[in-house]
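The sequence and the coordinates come next, followed by short sections on what can be computed from them.

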Amino acid sequence: MEGTSPVESSKNEYSNLSLRPLDVSDIDDFMVWATDEKVTRFCTWEPYTNKEDGLNFIKNTVLPHPWFRAICLDNRPIGAISVTSNSGNDRCRGELGYVLASNYWGKGIVTRAVKMVADTIFEEWPHLERLEALVDVENVGSQKVLEKAGFSREGVLRKYCVLKGKSRDMVMFSLLSIDPRPQI
Amino acid sequence: MGEITLRPYEVSDIDEFLEWASDEEVIRLSRLERFNSREDALCYFKEVVIPHPCYRAICLDGRPIGFIFFEPGSGKTKCRGLIGYALGAKYWGQGITTKAVKILTSAVFKEFPEIERVEAFVDVENKASARVLEKAGFQKEGILRKWIVLNGKTTDVSMFGLLSTDPVVGTN
């Protein structure tokens, strides 16, 4: 995995916010948001119920992931943000996902983390031209994050994904490498 | 217009497949890889088209003149599937592809109860293909910018969706 040096926030307001790789030693912090059903409401996964499952997720999914970072406050993980990569004719796009412990919601932290990712991912992956994100139509908070981070809302894809056994309408957002980015 | 039917491809269809698979216009507007030789096309035909469970020849009075396929999703995308199609250029403009899309989508919803959505994406410049989908009852849901590489170039596409619950457009 390239570019694993921490990405730090430059403005005073978020000077203690950073992105860094997540490791098995972060398991206790991981379990704080991963066991919270408020957090997992719009995730495809159910809240974790035991540490071993959490450790397996970190070992099997996080460590080999093409781009996965813990969102950290004073270097303690309070959430995570990731970009998936595609191959072949789909390599020009990557999908953004994020999750944050619920007691930190509403402070602009994820918006800031998304902006930090947008500022590094296109340099790290020169083949990437489009960063996209899919948000449940009912997840208004997450839609606001992307709008504030400068993403364009492209449309609603009906019955696009299955979430907790039900097909859901999803809003598609994108940020292109050539799009203007709002100031951090 | 003669009768339009869909059927699985057979190895003996290779010559007709090659005829329109090497058509410049068809290649320009579709995702078809340019076949560098008859062997390439034959290989693709035998290894992809023939074994694929949902590849169908579009036939006019029993003769294959194009293809249409359905690719179901899995896991969190199991509620949806993608369709794609290509038709020999000399048959364009007669509503043949629209008819083939209607036949396939109604068969898909009948045979795959988990599928609630059939989708297709087209190059924003491919107005004819967009018309096919509109006439077949699909809704244009948005333009996805620089979504996919087609013929070596990142391309803006229009995303179309048809739900099993959408009104059925009359089959004619």
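## A salt bridge between the chains

A:Arg158 and B:Asp166 form a salt bridge, and their closest N and O atoms are 2.9 Å apart. The term stands for a side-chain nitrogen of Lys or Arg within 4 Å of a carboxyl oxygen of Asp or Glu. Across the interface of chain B and chain A the rule finds six salt bridges.

This is a predicted model, in which local features need pLDDT of at least 70 and side-chain atom pairs count only at pLDDT 80 or more, while totals for chains, interfaces and linings use all residues. Residues are numbered from 1 along each chain as its sequence is written, chains are lettered from A and ligands numbered from 1 in the order in which they are written, and side-chain values use heavy atoms, with hydrogens and water left out.

## The interface

The rule finds 15 residue pairs in polar contact across the interface of chain B and chain A, both residues being at pLDDT 80 or more. A polar contact is a pair of N or O atoms within 3.5 Å; within protein, one must be able to donate a hydrogen and the other to accept it, and residues adjacent in sequence count only if both atoms are side-chain atoms. On the side of chain B that touches chain A, two or more residues each come from strand E5 (117-123), strand E6 (139-150) and strand E7 (153-163) of chain B. Helices (H or I, at least four residues) and strands (E, at least two) are DSSP runs, numbered from the N terminus. E6(B) gives the largest share of that side, 10 residues.

In total, 24 residues of chain B are in contact (heavy atoms within 4.5 Å) with 27 residues of chain A. The size of an interface is often given as the accessible area lost when the parts come together. Here the buried area is about 2,300 Å², and carbon and sulfur atoms give 51% of it; the value uses a 1.4 Å probe and is summed over both parts.

## B:Glu119

B:Glu119 is found in strand E5 of chain B. With a relative accessible area of 7%, B:Glu119 is buried; buried means under 20%, exposed over 50% and partly exposed in between, with a 1.4 Å probe and protein chains only. The side chain of B:Glu119 makes a polar contact with that of B:Arg117 (2.8 Å). Leaving out residues up to four places away in sequence, B:Glu119 touches A:Tyr160 and several residues of chain B, including B:Arg80, B:Phe138 and B:Met159.

## Nonpolar cores

A nonpolar core is a set of buried Ala, Val, Leu, Ile, Met, Phe, Trp, Tyr and Cys residues joined through side-chain atoms within 4.5 Å. The largest has 32 residues, of which A:Leu19, A:Ile71, A:Leu96, A:Ile121 and A:Phe151 touch the most other members. Elements of chain A that each supply at least two residues of this core include strand E2 (17-20), helix H3 (109-124) and strand E8 (166-176). The largest share, nine residues, comes from H3(A). Apart from this core lies another, of 27 residues, among them B:Ile4 and B:Leu133.

A:Met116 is placed in helix H3 of chain A and counts as buried at 2% relative accessibility. Not counting residues up to four places away in sequence, A:Leu19 touches A:Met116, A:Val117 and A:Trp67, among others.

## Positive phi angles

Most residues other than glycine have a negative phi. B:Asp61 has a positive phi near 50°; B:Asp61 is found in the loop between strand E2 (55-60) and strand E3 (63-72) of chain B and counts as exposed at 58% relative accessibility. B:Lys146, in strand E6 of chain B, has a positive phi of about 45°.

Methods
Buried area is the accessible area (1.4 Å probe) that two parts lose on being put together, summed over both.
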